[in-house]
Amino acid sequence: MVKAKSRLLKSSSTALQSRKRRCKSHSIVSIAAAASALAMRSPSPVTSAFVTPSVSLSSTVIPSLISGKTSKYFARKKLSAVKDEPDTASTENEKKPVAVATTKPKKEDQGVERTQSFAPQRNADKNIPIHTLIVGTHPSITSLAKGKSFAHPQNAFWWIAGDCLGFRRSVGISPSTGKYYKITEHVLEGEDKVVPYEEQMEVFTSKGFALWDILQSCKRKGSLDNDIKDEIPNAIQEFCDENQTIQRIIMANGMKQCSFFNKHFGQWWLDGELIPGKNELSQNTFKKWSKKTNGFENKNGKRQIEVYCMPGVSPAAASVSYEKKREAFQCFCYEPGLADHERLKISPTIKSD
């Protein structure tokens, strides 16, 4: 009995001593591991005393002894140490100069040259007063190449002018197909009235009509008004001031052309020296100036020039027939213009109706 108790006490004592040794060993390892983690962040004399240069506790002892919450703790510590290290890559990037983006011209704008309009066309005899100024927007590619206004063979301008002034623009046969242009089916004057361009211009200006363009220069790829950019206007107002007999300005290319006129000659409207033409298209196109001018009030009693927006003479404006275009020009441009021309033969001034 006594021997059994003695063996039991001895066995318990041995187990207790073994447990104490394990606990002591675990404590030492934990302290050393903590010191090693601190040393990774900022080595100091205090922490380095716990770390021997020949043993890597974090790579040998710790994985074999610790687990569970303890291992997660040291894993977090290690991750924290890594995060605290300076990011050399980002530091180097910060030192590099930042590239500044430069605005390059759009691809479609590259190679587009600025073109110039023609000088105003009026009769060489300055004793013939001008009553009507007809303006295009800017010469087309065809017009610039030929040096002639409204030079495209299917542009309605000279066909209409001929029907109203007694000449024919051309026979009207396409050189590529050998067939008559469709527009010739509606022309009033016969082939016996065909005259060259220079004579057409002489007849036109001898009746007191003048021809010019709204835009002095612009950039445009093609010939459409919608593609015009960086435009500079002609001195339309100055031309009218120099020719006090001008009663009307005719926009021959439709509503887009009128938007350029509104853009560049807004102050002219505000001064009360302009008034919309009598046709519905003109009333609608320029009505925005009514409120700004108290219903187009004539502030200073000066001449008020009528501004007409007409259906476009370009072949691109195909939604309006040739007959409709001719009717509009006949009614609001040529008939009143020819009447003014006759009056000016008697009196050098014209009173507005």
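Okay, let's start with a pair of strands: β2 and β3 run parallel to each other and are joined by five bridges. Strands pair in my wording if DSSP finds at least two bridges between them. The strands and helices themselves are DSSP runs, E with at least two residues for strands and H or I with at least four for helices, numbered from the N terminus. One example from this pair: I134 has L211 in β3 as its bridge partner.

Before I go on, this is a predicted model, so local features need pLDDT of at least 70 and side-chain atom pairs count only at pLDDT 80 or more, while totals for chains, interfaces and linings use all residues. Residues are numbered from 1 along each chain as its sequence is written, and side-chain values use heavy atoms, with hydrogens and water left out.

Now, where does that pair sit? It belongs to an open, parallel sheet of five strands, ordered β3-β2-β6-β8-β7. The edges are β3 (209–213) and β7, and each has a single partner strand, so one side of each has no neighbour in the sheet. On average, neighbouring strands here are turned by 25° against each other, ignoring direction. At the β7 end, β7 and β8 are also parallel, over three bridges, and there L274 stands opposite I305 in β8.

Buried means under 20% relative accessible area, exposed is over 50%, and partly exposed is in between, using a 1.4 Å probe and protein chains only. F209, L211 and D213 point one way from β3, and A210 and W212 point the other way.

Next, the cores. A nonpolar core is a set of buried Ala, Val, Leu, Ile, Met, Phe, Trp, Tyr and Cys residues joined through side-chain atoms within 4.5 Å. The largest one has 30 residues, and I134, F157, W158, F204, F329 and Y334 touch the most other members. Elements giving two or more residues to this core are α7, α8 (197–206), β3 and α14. Helix α7 gives the largest share, seven residues.

Let's look at I134 again. Which residues is I134 in contact with, leaving aside neighbours within four places in sequence? Among them are F157, F204, L211, W212, I250 and Y334. Contact here means heavy atoms within 4.5 Å. There is also a second, separate core, with 28 residues, including L215, I246, I249 and F261.

On to the other sheet. Three strands make an open antiparallel sheet in the order β1-β4-β5. Its edge strands, β1 (114–116) and β5 (228–233), each pair on one side only. The twist from one strand to the next averages 20°. β1 and β4 (residues 215–220) run antiparallel, joined by three bridges, and Q116 is opposite S217 in β4.

Helix α10 packs on this sheet, touching β4 and β5, and its direction makes about 50° with that of β5. For angles, axes are lines fitted to C-alpha atoms, for helices over the stretch in contact, and the values run from 0 to 180 degrees between N-to-C directions.

Last topic: salt bridges. How many does a search of the whole structure find? Eight. The definition is a side-chain nitrogen of Lys or Arg within 4 Å of a carboxyl oxygen of Asp or Glu.

Take D163 and R326, with 2.9 Å from N to O. This pair links distant parts of the chain, 163 residues apart: D163 is in helix α7 (residues 157–165) and R326 in helix α14 (residues 322–346). Both ends are buried, D163 at 9% relative accessibility and R326 at 14%.

Then there's D340 with R248, where the closest N and O atoms are 2.7 Å apart. D340 lies in α14 and R248 in strand β6 (residues 248–251), so this pair ties together parts 92 residues apart in sequence. D340 is buried at 4%, and R248 is buried at 6%.

My last pair is E306 and K278, at 2.5 Å from N to O. E306 is in strand β8 (residues 305–309), and K278 is in the loop between β7 (274–276) and α12 (280–285). Here E306 is buried at 15%, whereas K278 is exposed at 60%.
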